[in-house]
Amino acid sequence: MLQISYIVLILLVTSFSPLGLAMLNLTFPTPHPNPEEVVQDVQRRVNASISRRQMLQFSQEDQSPCQTGNPIDDCWKCDPDWANNRQGLADCAIGFGQYAMGGKNGEYYIVTDSSDDDAVNPKPGTLRYAVIQPEPLWIVFPTNMLIHLSQELIFNSYKTLDGRGANVHIVGGGCITLQYISNIIIHNIHIHHCVQSGNTNVRSSPTHYGFRTKSDGDGISIFGSKDIWIDHCSLSHCKDGLIDAVMGSTGITISNNYFSHHNEVMLLGHSDDYLPDSGMQVTIAFNHFGEKLVQRMPRCRRGYIHVVNNDFTKWEMYAIGGSGNPTINSQGNRYTAPSDPNAKEVTKRVDTADGDWKGWNWRSEGDIMVNGAFFVASGEELEVKYEKAYSVEPKSAVLIDLITFHAGVLGVGGRENTLGMWSTGANGGEASGEDSGDEFLDDYNGNSPPLSPPSIYVLFPLYIAISCLVTGHIIGLTSML
């Protein structure tokens with residue numbers, strides 16, 4: 001009887017820990033039943049965008065600048081009135097995260113207050129107040145903002161962060177936590193210098209707050225969640241990972257981002273022995289893995305990871321690693337090895353003997369290897385499983401340059417990626433194309449904000465307000481005007 005009591009006590013204790021809750025949760029996110037079908041769909045869309053781009057080169061009638069060869073960007077940039085149809089972005093995702101609705105069909109919420117003084121009782125108008133609400137919200141920013149978080153920013157489901165038209169930086173404690181939720185879109189946001197926080201109460205909904213232990217300091221932490229799309233963000237300088245997805249998370253697309261200045265970039269999977277992560281499905285597409293990155297682009301445990309049309313630039317240890325028998329499908333990427341002769345290999349089987357990983361399905365098709373880079377494939381009967389028709393094969397490295405040209409934050413504060421009249425500069429004018437984000441990163445020391453963003457600009461807030469009045473109700477406007 002005493003032994004049974006001990007067992008019950010252990011179960012009760014573990015059930016209150018995040019790992020215990022995950023182990024007892026019988027409603028894990030459901031993976032797509034046919035991942036190869038999703039892979040083929042991505043490739044069809046890429047090929048269609050490239051074909052349209054190539055056709056325009058021979059047409060004198062239509063010289064549309066929106067045809068980039070990147071199917072995500074073509075989807076919304078080709079709408080000349082996209083600013084009045086912001087929620088159309090939700091229809092542009094590809095890959096495993098394509099079903100992420102974000103705040104589609106919800107109200108617009110305008111962030112008018114960049115402060116984050118109280119993690120338990122956030123003020124209306126702040127970003128923290130917006131992301132904890134239970135209803136779908138499409139969250140926009142009327143001006144350039146530095147949001148210095150005091151604690152983790154814990155999201156509720158059905159939210160979109162839409163940073164288009166402004167230079168928005170999220171730094172500080174946390175930073176973004178997506179835990180046991182779904183349908184999140186994070187677009188056009190700088191996320192950097194995220195540090196550990198916690199050992200305090202943090203609100204996660206209007207009706208609940210709870211004690212949070214010390215966080216890892218990830219840029220974006222995805223925990224037991226599904227239908228997540230992270231697009232056109234710039235991530236760097238975080239305490240732990242830039243993006244981590246664990247504990248049964250699935251249905252994720254990570255696209256068009258710029259990663260730099262970090263050691264352990266991306267972790268996919270909680271542990272080799274955590275079986276729910278076998279259903280993890282992630283698309284990593286059109287990203288630029290840039291300067292001063294060391295490893296984990298990504299590091300995979302279990303699951304199915306599709307790495308397609310990314311540009312990897314001079315890692316210090318390795319690009320793609322894994323353990324626990326994940327499936328890694330690498331197609332149409334460019335891998336540029338560092339000068340270090342001992343770091344030419346793209347792949348790394350982490351803490352695994354050769355005999356144990358020979359059967360893992362790791363495949364490279366249509367990849368471009370530069371400066372001595374090489375990919376060690378594995379698995380049996382790969383030629384049958386990965387037919388040639390599945391792959392995207394760039395005819396030259398020029399297509400990689402084309403597809404990833406605008407990786408990272410767009411417009412003002414981006415990587416010299418101006419959108420002209422589509423972006424608003426510091427005085428409400430056009431974006432200059434200068435990369436103010438790099439200077440911002442260099443000056444920020446992780447302790448205090450390097451600048452105080454202006455409270456309001458005149459033209460862009462009114463433009464958003466008019467647009468939102470046309471399409472639906474506005475939350476947060478009263479406190480702005």
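Let me start with H261, which at 24% relative accessibility counts as partly exposed, because that class covers residues in between the 20% limit for buried and the 50% limit for exposed. This is a predicted model, and in it H261 has a positive phi of about 50°, although H261 is not a glycine. You will find H261 in the loop that lies between β17, residues 258-260, and β18, residues 262-264.

Now please turn to N188, which also is not a glycine and yet has a positive phi, in this case about 65°. N188 sits in a loop as well, the one between β8, residues 182-187, and β9, residues 190-195. Is N188 buried or exposed? With a relative accessibility of 1%, N188 counts as buried, since the cut-off for that class is under 20%.

Nine strands, or 9 in figures, form an open sheet with parallel pairing, and the order across it is β3-β6-β9-β14-β17-β21-β25-β28-β31. At the edges stand β3, residues 145-149, and β31, residues 368-370, and because each has a single partner strand, one side of each is left without a neighbour in the sheet. One of the residues involved is M145, whose bridge partner in β6 is V168.

Where is C175 placed? C175 is in the loop between β6 and β7, the latter being residues 176-179, and the bond that joins G174 to C175 is cis, with omega about 10°. A cis peptide bond also leads from M297 to P298, with omega near 5°, and P298 lies in the loop between β22, residues 293-295, and β23, residues 299-301.

Finally, a word on confidence, which should be kept in mind while looking at the picture. The protein chain has an average pLDDT of 81, and 74% of the residues score at least 70. Over residues 416-473, however, the pLDDT is below 50, although this stretch has 113 contacts in the model beyond near neighbours in sequence. Residues 477-481 likewise stay under 50 in pLDDT, and for them the model has 9 contacts beyond four places in sequence.

Conventions: Residues are numbered from 1 along each chain as its sequence is written. This is a predicted model: local features need pLDDT of at least 70, side-chain atom pairs count only at pLDDT 80 or more; totals for chains, interfaces and linings use all residues. Side-chain values use heavy atoms; hydrogens and water are left out. pLDDT is the predictor's confidence in each residue, from 0 to 100. Contact means heavy atoms within 4.5 Å. Two strands pair if DSSP finds at least two bridges between them. Helices (H or I, at least four residues) and strands (E, at least two) are DSSP runs, numbered from the N terminus. Buried means under 20% relative accessible area, exposed over 50%, partly exposed in between (1.4 Å probe, protein chains only).
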